[in-house]
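Hello,

Here is the structure I promised to pass on. Please have a look, then read my notes below.

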Amino acid sequence: MIASLLFMPTANAVPAVAEAVRSQKQAPEHSYSQHRGYLPLGSDIMNGTFTLQHAQSLCDSISDCLAVTINVGNRAENVLAGAKHQMWLKSSSEWVPNGGHLTFVKLRPDCPGIEFKRMTFLPTLSKALHGPYCCQGAQCPDENAYATLEKSCAMPGATPLGVPRCSDLQGDPLENIALRSTNVSQSSDWPHAENKGANVAIDGVIDTQYFHTQCVNGPQWFRLVFNEPMMVAQVVLHNRRDHKARLVGASITMYRDNWKPSLSVRMTTARKLFVWTFRPVLSSIKMVEVAMPGVNDCLHFSELEVFGATQQLVDEGPFSFQRKVPATVAPEPKAAPSAPSAKATSLPDDASRPTFPDVKQVKRLKSSKPLEPEMRPSKAENSTLFPNSEAERENSMLMAASAGSATTVVLVIMQWFWIKAHWLDMWQ
């Protein structure tokens, strides 16, 4: 019997649900550590009536799922023996001790042969001043296959954009342009020692210090405003080391210099590191906003890094940093000759911009010349194309006969007589 589901799936969860339901008795892929405790409210992926084995198999198939939590009461032995019970799949794993609950945390190993690091930096630059982050190692996945490997081992939160291979990055590294800003703010201040202020989130130091908003009267936000328009290739967010689940549901929105949003991404799982790499790069970015939509949610994190360059420097060119498009990424399909080419829709506002490092901004020129009216036959042309009188029809046929072969003449005359006879019959 298929378990009943009451859930709000993420984009990655939909195909996983169907796959897991079909294979209900399949053994879980990962090992799970068992704890007497619960996972706090929030970070829900779905809930339903499952066996423990089914819930763990379902959690295995969802990259954002980190744990299964159950309010067992006095039925712990029955649940462990395979009885069905109400269970919650969560995108967090920080459990709170409680004797009436069971929590099973997914044990995802580190990915073998893979290291996530910054792009090789110049000796004159400190690590905090350069980027972007990339994947080093023979087992690094293709960017469009990142989510598949993310199910099997521990990786930064980067779905669906993925993390580029270090071997695909060339030239000088990019600057952490967040350090250039002198205009940072937060929506409110937590009145305790944990709150070190908004500036600590862009000081280039990844440590245990963080800013902290209040947890009421939301939504809460953090804003970084650049002194001038910027080109942005990658955004990296370092979560605080504890209470990572509080960041689930937050979004990062990039605003252009006209203060209209260019792109927004959302944090759907409790990770210590989030990486968003943009292809093509975002141009003319003026502000980065991190926002938590809930009314009673806190907002806090350790560090925000933004890798790019001033838009003026990019437009003037040439620019040293380059990113190769991997050969494994399929080219965009070409439109049929009779159909208009479709616009790329991967990134808002920048879809028409060529892939970096083509740095000259393309300006759309508005034509002052009105569109030409549709060409239609004139009255004189109509009289030639469609003769009205018998004399005109006869002359047209004679002209056709003289220009064609004898066979054509015979066929045209026979057709003319048939038409004339047909009309005579109708008049009679």
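Which residues do ring pairs link into a cluster? They are Phe211, Phe222 and Phe301.

First, the ground rules. This is a predicted model, where local features need pLDDT of at least 70, side-chain atom pairs count only at pLDDT 80 or more, and totals for chains, interfaces and linings use all residues. Residues are numbered from 1 along each chain as its sequence is written, and side-chain values use heavy atoms, with hydrogens and water left out.

Now the rings. The structure holds five aromatic pairs. Rings of Phe, Tyr and Trp (its six-membered ring) pair if their centres lie within 6.5 Å; planes under 30 degrees apart are stacked, over 60 edge-to-face, and the rest tilted. Phe211 and Phe222 make a tilted pair, at 5.1 Å centre to centre and 35 degrees between the planes. Phe211 lies in the loop between strand 14 (183-186) and strand 15 (220-238), and Phe222 in strand 15. Strands are DSSP runs of E, at least two residues, and helices are runs of H or I, at least four, numbered from the N terminus. Both Phe211 and Phe222 are buried (under 20% relative accessible area, 1.4 Å probe, protein chains only; exposed is over 50%, partly exposed in between). Phe222 and Phe301 have ring centres 5.3 Å apart and planes at 80 degrees, so this pair is edge-to-face. Phe222 and Phe301 are 79 residues apart.

Two other spots. Thr310 is in strand 19 (residues 303-310). Thr310 counts as buried because its relative accessibility is 11%. In helix 2 (residues 52-60), eight of the nine residues are buried.

Best wishes
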